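Let's take a look at how two protein chains can sit against each other. Have the sequence and the 3D view open while you read.

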Protein chains: 2
Amino acid sequence: MRYKVSVPRDVSSDRFVLSKGHACPALYAAWAEAGLFPVADLQNLRKIDSDLEGHPTPRLNFIDVGTGSLGQGLAIAGGMAYVGKNYDKANYRVYCLVGDGESAEGSIWESVHFASHYKLDNLCVIFDVNRLGQSEETSLGHDVETYRRRLEAFGAHAIVVDGHDIEELVKAFHTAANTKGKPTAIVAKTLKGKNFPNIENLDNWHGKALGAEADRVIQHLKTLIKNPGPPTIRPQKPLKDDAPPVDISNIKLSSPPSYKLGESVATRQAYGSALVKIAQNNPRVIALDGDMKNSTFSEKLKKFDNSRYIECFIAEQSLVGTAIGAACRDRTVPFVSTFSCFLTRAFDQIRMGAISQTNVNFIGSHCGISIGEDGPSQMGLEDLAMFRAVAGSTVFYPGDAVAAERAVELAANTKGITFIRINRPATAVIYPNDQVFTVGKALVVKKSDKDQVVLIGGGVTLHEAITAANELAKIGIGARVIDPFTVKPLDRETLIKNIKEVGGRAVVVEDHYYEGGLGEAVTAAVALERNIIVKHLAVDRVPRSGPPTVLLDMFGISAKHVVKAAQDILKL
Amino acid sequence: MRYKVSVPRDVSSDRFVLSKGHACPALYAAWAEAGLFPVADLQNLRKIDSDLEGHPTPRLNFIDVGTGSLGQGLAIAGGMAYVGKNYDKANYRVYCLVGDGESAEGSIWESVHFASHYKLDNLCVIFDVNRLGQSEETSLGHDVETYRRRLEAFGAHAIVVDGHDIEELVKAFHTAANTKGKPTAIVAKTLKGKNFPNIENLDNWHGKALGAEADRVIQHLKTLIKNPGPPTIRPQKPLKDDAPPVDISNIKLSSPPSYKLGESVATRQAYGSALVKIAQNNPRVIALDGDMKNSTFSEKLKKFDNSRYIECFIAEQSLVGTAIGAACRDRTVPFVSTFSCFLTRAFDQIRMGAISQTNVNFIGSHCGISIGEDGPSQMGLEDLAMFRAVAGSTVFYPGDAVAAERAVELAANTKGITFIRINRPATAVIYPNDQVFTVGKALVVKKSDKDQVVLIGGGVTLHEAITAANELAKIGIGARVIDPFTVKPLDRETLIKNIKEVGGRAVVVEDHYYEGGLGEAVTAAVALERNIIVKHLAVDRVPRSGPPTVLLDMFGISAKHVVKAAQDILKL
């Protein structure tokens, strides 16, 4: 590898992803030996005041992504390699070490396929086939020929080596660097605890410290060292600083939203338009999708600039991992879209993305029962619960096309994981094109001095709330309508102020299951306020196929139900 | 296939899983043609009052599982085949139709590996290689030889056929039925919209009705029918009714919990003990794990009866799908365990499990920061949010070993998806062995007439709450401690009654992120009550490696913080 020890995340340097994160003590030791920090610091492993954690995280300046949930590193390495080859057009290479146990994860095979499909010859993956899982032997044991066959069938250049033979390894890496048109996979047959007497290749040592055995083992290992003393080979720097400078700050829509009030536009269409606008503004904005681009409208970016769209096919784990890799070292601003329900396929990757301090933006379209006839398998009804529970996330729920465009612009500039929930059906444009939107700032959509209840909705249900307020007005009940814009952070202050002004009553209506969504965000936000009561309308069971408006009514989240809830809460 | 049209879910009949659920109109038509319901009913497709939904669900009596989120059917079929071969020891065969687009999902390859590893020669999967995805050509197009190589490398017997040639297909199915020791995969090269003039093999027809083209196409198709009139070949019944009767009702612990009050026992250990006890009581209780059995203690069942433990290795999607398949037609009572954070890997499968009306029990161990040094990648901090958001789920959070054993017993008898959250560290036994536990019934662990605040915790934080109550007592503040036992359903009545009795103040403390867990369950439950305020303590950012007790303190959920929160809320 070519890298600068003094600049661990140098943009032109080779990358290394330790997919088998539990092997991090070896990685820490290698960096210490390379001179990044004192070898003595290794004694602080897993201590509360050390960043040498039990699994790698980017709290360490030589780590790009958190690993430790297995089978994720290769997708990330693939994203880095895709960027190196296609955007940076630089010479850096990407290395990834995968454990044989984790190669049982289907995500690994999605990633090998991605790398071969996109001819990522700057990617080299090493499979450490040590035969032993945590609790028993892996299902393939030391059958390296089966690994070779699988890797070749998935399009990689596979090389089987004795993982303890340095010369074989060096040759394999040299061959990898000179192999064009496909990634190389080095299948390294190894023995866990090699040269540890009475431990090598034995079960029941996974994740265990040597304890009382340590002295004996270390004494033995010392006798095997051929060249004692400090290492004489030093890391080599990159041949060229050839990765271009990139600025991903202060991204803007190239032109403001331009809709007519009252016009019917789906927020997913506005997403596609906004994506193109920020891509016009910044050359490092990219989009990735899982064969849903004609539904999510990410295809608008593909049509605008084919090179900045990455088709990940129906493999959401690869989709998300690739995006996390592409975002590393601030090389790109990735927008990942698919149906919101299918993002659940990558919850583990998204969760790990938070640990990785990634800046990936997720777009979930076709949320809720409002998609209609396709039925429950296609309805995202737990997406808000999922993304709210991601550490440090920002969750947008735009109420119209203007809000959706601004959400995209804000997301591009927001650190951490963002999620924008967008709808399938067209809804009315309710905001003027110059409306200002801010993360954590709710909008009062409708108000009067005589309001008796606050109605809160998001996306399609914001429109149901507005309809309900109009109906309530007809029977003399003033209802204030609030659009939270971001569900996380939620604008607690605006909500509490307005709810108090109307006598402490609110109705929340959402196209989501009851748990973890907008309703619970609101009830949590007012939990320390006496004299505020909240009635919550949401989907309470598995829905079914049917026309969207019929479903909204059948599952209790249409304007009619909001009207009734408002009337009911006024009696409490 | 051999099956009884009159008994669509007959236990001795062959099974069919339509993994590419969007092709359901063809499946519905086949059953209508077989005589299950009038052909005219097919006109009700996707209507609100018809169960012929946009994607299949078990609302239809001939469907075992919901499909439509792609790449999931084969794991389910594998679970069915595993049960047929190893538990039912019956002759039925399992067929699964997979789309080529969805074969990009890694889960498909996990499932092929599972089936070959366990030699499931009663399983036959058909890959429909029609070349076209939703938005563009699949990455492999019509390259059937690559499919063949991949399937062979993953251990299947692969047969490539022209998917429109009935004779070739019949031969392939015959060969499949006579192939021993491995599953058969039929790679069927097909043309989407075969024989539809100007539509066949063309883009942009995915999921679209023919509309104005319909008459023209139907006229043309009619000219191709060689034998008009009703079908003359009828479905064949199974040769033998050889699947044994199974009773999975009223499952009991073979002996009650037997702990000493105050004894230190991790709830994960109690899980393993209870699993063996219900397995002693019912021969159809099985356990599945993803190479974590020595941490989750599911290995206790493996040691008790090796045949009832299914090792799924590090492939959580396969793990969950296999369990859903194993539970079909009430053949087994599966318990699926791994670290709770790794269950996020299968959120899509779990979500679909609810649509499938499955009765699978999930056990998530190593939840929260209390696991300590392994660090954030191994800490389940969003698991409650995930499982609460699953339609119809039951979420247990046992506070000690006695509660954990009873949770396992209750889960075995609870319909729908259940989740039991268990802890890594040992905690004190607080309940007598004869304590009665009920779904949806909280327990008041500590109370006095002078209580001023209610403290609510689960698992390790229940113990922090108890410690806090003892500390508060020393400074003259009475604190009532409540153990919800089930987070969903939550015992709203007991909570409200007790919180009102102490003056409307509660503190909830949980080892989970703020969103979607116990705290939000509580604030949602009291949302319609005036004069109740709730202070919520949870984890607010990505944690780190360190000793468990230090972490509980650092992240604000130790007894010390509960004491302070109680004091603070008394001032409000």
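Here is a short tour of the domains and then of the contact between the chains.

## The domains of chain A

Before anything else, keep in mind that this is a predicted model. Chain A splits into three pieces you can find by residue number: domain 1 covers 15-224, domain 2 covers 265-428, and domain 3 covers 443-569.

How far apart are the centres of domain 1 of chain A and domain 3 of chain A? Going by C-alpha atoms, the answer is 51 Å.

## Where the chains meet

Now for the contact between chain A and chain B. Chain A puts in 105 residues, and chain B puts in 105 residues as well. Together they bury about 8,600 Å², with carbon and sulfur atoms giving 51% of that area.

## Charges and polar pairs

There are 14 salt bridges across the interface of chain A and chain B. One to zoom in on joins the side chains of Arg388(A) and Glu520(B), with N and O 2.6 Å apart.

## Chain A's side of the contact

Which helix gives the largest share of the side of chain A that touches chain B? That would be helix H11 of chain A (residues 347-355), with seven residues. Sorted by type, the residues on this side of chain A come out as 38 nonpolar, 34 polar and 33 charged.

Methods. Residues numbered from 1 in each chain as written. Chains lettered and ligands numbered in written order. Predicted model: local features only at pLDDT ≥ 70, side-chain atom pairs only at ≥ 80, totals over all residues. Heavy atoms only, no water. Domains from an automatic or database assignment. Contact = heavy atoms within 4.5 Å. Buried area = accessible area lost by both parts, 1.4 Å probe. Salt bridge = Lys/Arg side-chain N within 4 Å of Asp/Glu carboxyl O. Helix = DSSP H or I, 4+ residues; strand = E, 2+ residues; numbered from the N terminus. Nonpolar A, V, L, I, M, F, W, Y, C, P; charged D, E, K, R; others polar.
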